[in-house]
Every structure is written in structure tokens, then in C-alpha cells.
Amino acid sequence: MKKFTVIGNWKLNGNNNFVDKFIIKLKKYFLDNPIFYKIVLAPPLLYVHHFTSNIREKNFFIGAQNVDIHISGSFTGEISVDMLQDNGIKYVIIGHSERRKFHHESNEIIAKKFSLLKQRNMVPILCIGETLEEKKQNKTQLICSKQIDDILKYVGENAFKNSIIAYEPIWAIGSGYSATAREIQNINNFIKNYISDYSNVKRNEIITQYGGSVDDLNIEEFFMQDDIDGVLLGGASISLHKFIKILQLIHNLKI
Ligand code: PEP
């Protein structure tokens, strides 16, 4: 059966009322549709406990949207890998283009976060991808390989064992225009070949996902591609209706 992971990134959205409704709906959905794939939901950290204390489903995990590069100390507003681990969180999104842009995170900072997560046996979900300008200049492979190289240089040859790479072209995020299934398949194939050529990790151990305007209209086509091992949802993960519909469509595609 195809291995697939659906990651939901809530970003700065949600409140107690929404979380309560979400949990009730999701629990009911899981009762009727046991999930054969994985779901990782990354709400704002204040709501993690609501989820972990209410949903016990083998393939459902709560993730984090960020982590700090420090372990402890005078770093107001930050959360460490140990705090996440202490609260049962294993999956952490890093390198999201919004953090690169609004929080000025460099590839070096992202590599430090990646390294800390690996040291704790946690799973980094590394977002990489090009801008529209770079796409027009045919630089997608170049940009992705550079972002991968910076991780390999810092973390070493085993970096991408038990890690997730989410190809997220910046122009597709929140725009309503996703990359085509063929474009994603090609770049994910490139990413897998690149990492297996330049590191110790075998091609079949590398997990490549896609994020950028995924919804209930394109999920089935993405699911069918050999090298799309999952999707990262932004907008569709905070629409209860769309989220459940996407889960249902994947469920129906059980292959
Ligand atoms: C994202 O922000 O990572 C994302 C994929 O967003 P959206 O699904 O809304 O394009």
C-alpha cells in the first residue's frame, strides 16, 4: 500500500471554539474511517494539549510549526526541541518560506534546527522551493539542490534518513495556483536522485512531499504520483470541510 502523509499547517489561525469543533469532527471521522496513512497536524502550540488529550489515533500526530536553535536560556518567546519532545511532539516544520521571509531565517539557521531535531531523533519537515522569478528562469532544480546541500554540509550524510522534504514552490503557497502533478513528480524525482547520489541515504528511504494550494480538487492526482509521498496543507487544513473531504478522497484511493 502506498505510504502517504498529510501534514496540516495551521499557521497563526484557530481559537478554542474552532479547535473544539475540529476535534469533535475529526474523532467522528476516525471512528468511521480508520486511517491507513499518516496525519500530522501543526496547530499553534497553545492548542497542542487540546488535541493530544482528546484524540488517540495510531496514525495521527501533532507537529510544531517551528523550533528555536537554542536549548534553553534567555531567548524570550522561543520553544526548544526538548520542550517539544517533552510534550510528545516528533514532527517539526522548518524552513517554511514564511519563516525565511518574515523572520529572516537563513539556510544556516534552518540547518542548525534540522541538526538539533536529528540529534533528538525527531522528524524535520524541511520546506524548500523556488520563487516565481526563479521558476521563470528555470532555476527550480538549482534552488532546491542548494537548499539540500546546505543541510547536507551541516548535518552530514545521513541527514535525510527519517526526515521529510516538502517541495513548496513559494508562488504556489496560498495563491490558489498549485504546481502541476507532472512538475511536482519531476522535481521530487530529481530531489530523491540528488540526495541518494550525494549522501548515504538510499532513494527508497527518502520522503518527498508537496505543498502549495493543495485542495480537494487536486489531491487525487497528486496522490497517484510515485514520488509524491504526501502533501502539506495550509489553507485547506483550517477549513474543516475541505480537510475532511481531502481525507475522505485519500481514503477512497486506498491502493
Ligand atoms: C503552506 O503554507 O505551506 C501551504 C502549503 O499553504 P497553502 O496550502 O495554503 O498553499
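F51 touches W10, V19, F22, I23, L41, P43, F60 and I62, leaving aside residues up to four places away in sequence. The structure is a predicted model.

**Nonpolar cores**
- The largest nonpolar core has 72 residues.
- Y37, F51 and F160 have the most contacts inside that core.

**Helix α8**
- Helix α8 runs over residues 181–198, which makes 18 residues.
- From first C-alpha to last, α8 reaches 26 Å, close to the 26 Å expected at 1.5 Å a residue.
- Its buried residues are A181, I184, Q185, I187, N188, F190, I191, K192, Y194 and I195.
- An α-helix has 3.6 residues a turn, so residues three or four places apart point the same way.
- The cover over the buried residues of α8 includes the strands β5 (123–128), β6 (164–167) and β7 (207–211).
- That cover also includes the helices α7 (140–155) and α9 (219–223).

**Loop residues with positive phi**
- H104 sits in the loop between α4 (97–102) and α5 (107–119).
- Phi of H104 is near 50°, a positive value in a residue other than glycine.
- H104 counts as exposed because its relative accessibility is 63%, and exposed means over 50%.
- N162 sits in the loop between α7 and β6.
- N162 is not a glycine, yet its phi is positive, at about 55°.
- N162 has a relative accessible area of 54%, so it is exposed.

Methods: Residues numbered from 1 in each chain as written. Predicted model: local features only at pLDDT ≥ 70, side-chain atom pairs only at ≥ 80, totals over all residues. Heavy atoms only, no water. Helix = DSSP H or I, 4+ residues; strand = E, 2+ residues; numbered from the N terminus. Expected span 1.5 Å × (residues − 1). Buried < 20%, exposed > 50% of the residue type's maximum accessible area, 1.4 Å probe, protein only. Contact = heavy atoms within 4.5 Å. Core = buried A, V, L, I, M, F, W, Y, C linked by side-chain atoms within 4.5 Å.
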